[in-house]
Structures are given as structure tokens and as C-alpha cells.
Amino acid sequence: MEYLQQILSSMSSISLEEMNTVKLMNRTDTKYLLNKSSLYQIARRWSEGFFVQEVEGNRIANYKTLYFDTDDSLMYTVHHNRKLNRQKVRQRVYLDNHLFFCEVKTKNNHGRTKKKRIAITEKEWGSLEHSEELAFLKERLWITDKPLHPCLQNQFQRITLVNKAKTERITVDSQITFHNMRNGCLADIS
């Protein structure tokens, strides 16, 4: 990570306020899995075309996400079976600036992902029992009306890059840990 820190510190930054034009709450996603060597080769070229997001003086942000599902794992099963129209429900905390959200992500059969979210408090983290969250979910969640429970938590570090035209965003996640909330198993893929 020290090598990435050097690259990031040499780049121009973009603030959260400037990112408002690049929120991309309605987007297409492409995901890649890279080893460190490949990542470092690509990272050398970042400063040519990208800004790096900076929050509270940090260019590598810390996240924690809690995913919810039905007792029979409906959302996971739909995802696993590659259904094109699907949803997931999660709570996310941005650990560096202590912001909490409840989110519904909807993927359609055209490969587009729409994310809707509301701010929540730290006290509301870990359950979906508060009236604002329940109303938010009732309005946006169509995949199920079954009760949702915490099933998986992850924590990771993220670098967010924004192209100079402010039309594209790239995120690089690392130091990922998982906690299965149902059986207590832990996994680390740092």
C-alpha cells in the first residue's frame, strides 16, 4: 500500500462536494479482480487522467457494509442464479467521516444499477426496525416483503478515482474482511 500512497499523494484531489456531479447512483458496473503487481502497473497511469477523492485528508477511505437478506437467502439466491432483475439491501458506514446510510440497490435487465439511500443514525445501524427505514424499504423494495435480517458484514479500504471529465468513477477496494452474521465465520482477503 505504501507504493499506492505515493502515487495517490502526487495526484490532484477531488472533494466530496465536487463529487456531487459524479454520484453515479444510476450506472453500469464492471468488476475486475487484480493482483498487486497488475494494480501497481495500472496505478502508475492514474495521474494522467484521474482525480483521487479526498475525505477528511484521507485518499484511502474506510468502509463497513452490512447486508440484509431473508431467512431463506432470497436476495443472495437471485444474485447467485444471475437473475437480471434483482435487488439488495444494505447499511453502509463511511468510517472516516462517520456517515451512515440505508441503501437499496436495484439491477435491471439492461445491466444498469440504481442506488437509492437515506441517511440513518449510528443507533439505527444493524437493524431495519426504524420507521424511516421501513417506509423507505416499503417504497423501493419489490423483490420481497419477507422480514430482512443481517447476514453478511464486510469492511474494506477504498480508493475512488474520477476521470478529469467527471463522467466516470473507478473504485479500488482492498484489505477486505467478511463476517458471516449467521454462523460467525470470518474471512480475510487482504
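In which strand is the place of T160? In this predicted model, T160 lies in strand β8, which spans residues 149–163. With a relative accessibility of 5%, T160 counts as buried, since the cut-off for that class is under 20%. Setting aside neighbours within four places in sequence, the contacts of T160 are with M19, F51, V52, Q53, Y63, R169, I170 and T171.

Residues up to four places away in sequence aside, R90 touches T65, L66, Y67 and F68, together with F101, C102, E103, K105 and K115.

Turning to the helices, α1 (residues 2–9) and α3 (residues 36–43) have axes that come within 11 Å and cross at roughly 15°. Because angles under 35 degrees count as roughly parallel, α1 and α3 are therefore described as roughly parallel to each other. The crossing of α1 past α3 is left-handed. On the α1 side, the contact is made by Y3, L4 and I7, and on the α3 side by L39, Y40 and A43. Sorted by class, this contact of α1 with α3 has 6 nonpolar residues, with no polar and no charged ones.

How values were computed:
Residues numbered from 1 in each chain as written. Predicted model: local features only at pLDDT ≥ 70, side-chain atom pairs only at ≥ 80, totals over all residues. Heavy atoms only, no water. Axes fitted to C-alpha atoms, helices over the stretch in contact; angles between N-to-C directions. Helix = DSSP H or I, 4+ residues; strand = E, 2+ residues; numbered from the N terminus. Parallel < 35°, antiparallel > 145°, perpendicular 65-115°, else oblique. Left-handed = near helix turned anticlockwise from the far one by under 90°. Contact = heavy atoms within 4.5 Å. Nonpolar A, V, L, I, M, F, W, Y, C, P; charged D, E, K, R; others polar. Buried < 20%, exposed > 50% of the residue type's maximum accessible area, 1.4 Å probe, protein only.
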